[in-house]
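Subject: Structure handover

Dear colleague,

I am passing on the structure we spoke about, together with some notes on what came out of it. Please open it alongside this message and follow the residues as you read.

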Amino acid sequence: MPVFGDLSDFPLTELLPVVAFRTGALKIALEEQGTISEIYIQNHTVCGIRKEGHYLEPLEAHQVLRDLLRRTSGLFWFDPDAEPPKTNCLSWPVHQIILEFAEEQDEAALLQHHLPTPETTFELAGEPRSYQLPLSQSIFFEKARPHLERGTTVEALATLLGLSVPHVALHLHKLHLAGFVAPRRAFRPPTPAAGQSNVLARLWRALARNRL
Amino acid sequence: MNGERLKLVISGPVGAGKTTFVASLSDIPVVNTDEVSSELIGKSTTTVALDFGALTLDGIQVYLFGTPGQERFAFAWDTLLEGAFGLVFLVAGNQPATFPTARRMLDYLTTNFPVPFVVGVTRKDLAQVWSAEEVASYFRLPAPHVLAVNATSREDCREVLLQILRFWGVAGTKIPPEKAEHAGTSSH
């Protein structure tokens with residue numbers, strides 16, 4: 001057992017680079033959950049995240065990894081005999097995961113007053129963008145896209161994806177800045193009932209000819 | 001909307017000029033609920049419930065409801081917006097610190113209530129002030145949704161009202177020729 005210890009001494013941001021050159025699984029036991037999470041590593045990349053005997057799909061794997069990166073306690077050990085998955089390797093570069101996590105923590109603190117309210121509805125922006133999103137954004141966007149095609153609130157999307165509301169708000173805010181999504185305005189012009197339209201047209205005429 | 005009565009809501013952060021805007025358009029003395037402010041907000045009083053004014057044109061009564069600016073009164077904004085034909089969302093162009101909260105609130109309101117809106121950038125007479133174009137860029141809104149406004153100018157307030165009606169698609173209705181060029185103005 002070449003590497004072992006407690007996250008209280010070695011947070012995962014410090015630990016991952018230490019084992020990144022190895023092949024095997026970094027196993028972390030979280031006492032309060034009573035579970036062991038396994039991070040499969042090969043050639044400086046995370047190949048898979050396994051929990052309760054199952055490899056997780058990318059969005060859930062990313063969420064578990066983020067959760068582990070935040071942990072300040074939990075026993076860990078490296079198992080060099082654990083074989084990374086032979087197919088569907090996530091191929092997430094270790095250094096990229098750590099950098100993005102650090103950036104997200106900084107951004108979350110910095111942008112907390114800029115983030116949309118949980119009730120704000122978003123949809124895909126009209127013109128699709130062609131440039132590459134960062135890893136975490138890309139994983140989120142791929143999973144959120146079907147819901148955003150229909151339009152969804154921040155909190156509904158958080159529920160659908162099993163993520164926290166602040167996390168989803170931060171992703172949507174960044175996707176908004178990047179032009180991938182936009183708030184879906186509720187007003188759809190103009191289908192007023194005939195009577196309303198008539199009143200509004202009269203108001204328009206009265207205003208247009210009158211400087212008040 | 002109900003018969004010949006229409007409701008216009010004027011909202012936005014503290015100090016944006018909502019009470020002034022209502023007063024500029026209203027034909028009647030504005031009913032307000034100002035109280036002495038317990039916070040440092042750059043003025044001695046603030047609206048705690050609503051401002052109310054009314055404008056009558058061609059027999060149509062336009063009720064003007066100004067909302068309180070503090071985000072903690074946001075529940076009142078929801079109630080006031082029900083059935084409104086337009087939302088005027090004012091931000092003070094010389095107070096960019098209020099923009100993040102303003103954008104949060106505007107996005108919330110306009111994605112939850114089917115109401116056309118104009119963002120009015122007030123204090124345009126000051127030297128250090130964000131332009132309508134800059135505010136539109138920050139709010140990520142198309143240019144027609146953002147106008148520079150002097151809230152003390154009845155003419156400017158009228159332009160905002162006209163712009164909201166343009167979003168309803170009634171702007172093409174026949175206008176007397178001698179005034180048509182004036183009504184077509186949409187920017188400052």
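Which residue in S6(B) is the bridge partner of B:Ser11? That partner is B:Phe89.

Before going further, please note that this is a predicted model, in which local features need pLDDT of at least 70 and side-chain atom pairs count only at pLDDT 80 or more, while totals for chains, interfaces and linings use all residues. Residues are numbered from 1 along each chain as its sequence is written, chains are lettered from A and ligands numbered from 1 in the order in which they are written, and side-chain values use heavy atoms, with hydrogens and water left out.

The sheet of chain B

Strand S1 (residues 5-11) and strand S6 (residues 86-92) of chain B run parallel and are joined by four bridges; helices (H or I, at least four residues) and strands (E, at least two) are DSSP runs, numbered from the N terminus, and two strands pair if DSSP finds at least two bridges between them. Both strands belong to an open sheet of six strands in chain B, ordered S4-S5-S1-S6-S7-S8, in which the pairing is mixed. Strand S4 (51-57) and strand S8 (146-148) of chain B are the edge strands, each of them pairing on one side only. From one strand to the next, the twist averages 25°.

Two helices of chain B pack on this sheet, where contact means heavy atoms within 4.5 Å. Helix H3 (residues 99-112) of chain B touches S1, S6 and strand S7 (117-122), and its direction makes about 170° with that of S6(B). Helix H4 (residues 132-139) of chain B touches S6, S7 and S8, and its direction makes about 150° with that of S8(B). For these angles, axes are lines fitted to C-alpha atoms, for helices over the stretch in contact, and the angles run from 0 to 180 degrees between N-to-C directions.

The two domains of chain A

Chain A is assigned domain 1 (4-102) and domain 2 (106-183), with bounds that come from an automatic or database domain assignment. Their C-alpha centres lie 25 Å apart, and the contact takes 11 residues from domain 1 and 10 residues from domain 2 of chain A. The area buried between these domains is about 970 Å², with carbon and sulfur atoms giving 65% of it; buried area is the accessible area (1.4 Å probe) that two parts lose on being put together, summed over both. Of the area that domain 1 of chain A buries against domain 2, A:Leu59, A:Gln63 and A:Glu100 supply 49%, which is more than any other three residues.

Salt bridges within the chains

Side chains of opposite charge can pair when their charged atoms come close. The rule used here asks for a side-chain nitrogen of Lys or Arg within 4 Å of a carboxyl oxygen of Asp or Glu, and by this rule there are 15 salt bridges over all chains.

In chain A, A:Glu104 and A:Arg66 meet in a salt bridge at 2.0 Å, N to O. This pair links distant parts of the chain, since A:Glu104 is in helix H3 (residues 94-110) and A:Arg66 in helix H2 (residues 58-70) of chain A, 38 residues apart. Both A:Glu104 and A:Arg66 are buried, a word that means under 20% relative accessible area, with exposed meaning over 50% and partly exposed in between (1.4 Å probe, protein chains only). A:Glu104 is also among the residues that A:His171 touches, and A:His171, in helix H6 (residues 165-177) of chain A, counts as buried because its relative accessibility is 4%.

Where chain A meets chain B

Between the chains, 37 residues of chain A are in contact with 50 residues of chain B, and about 3,900 Å² is buried, 65% of it on carbon and sulfur atoms. Three salt bridges are counted between chain A and chain B. One of them joins A:Arg185 to B:Asp107 at 2.9 Å, N to O; A:Arg185 lies in the loop between strand S10 (181-183) and helix H7 (194-208) of chain A, and B:Asp107 in helix H3 of chain B, so the pair joins two chains. Both A:Arg185 and B:Asp107 are buried.

Definitions and conventions
Lists of a residue's contacts leave out its neighbours within four places in sequence.
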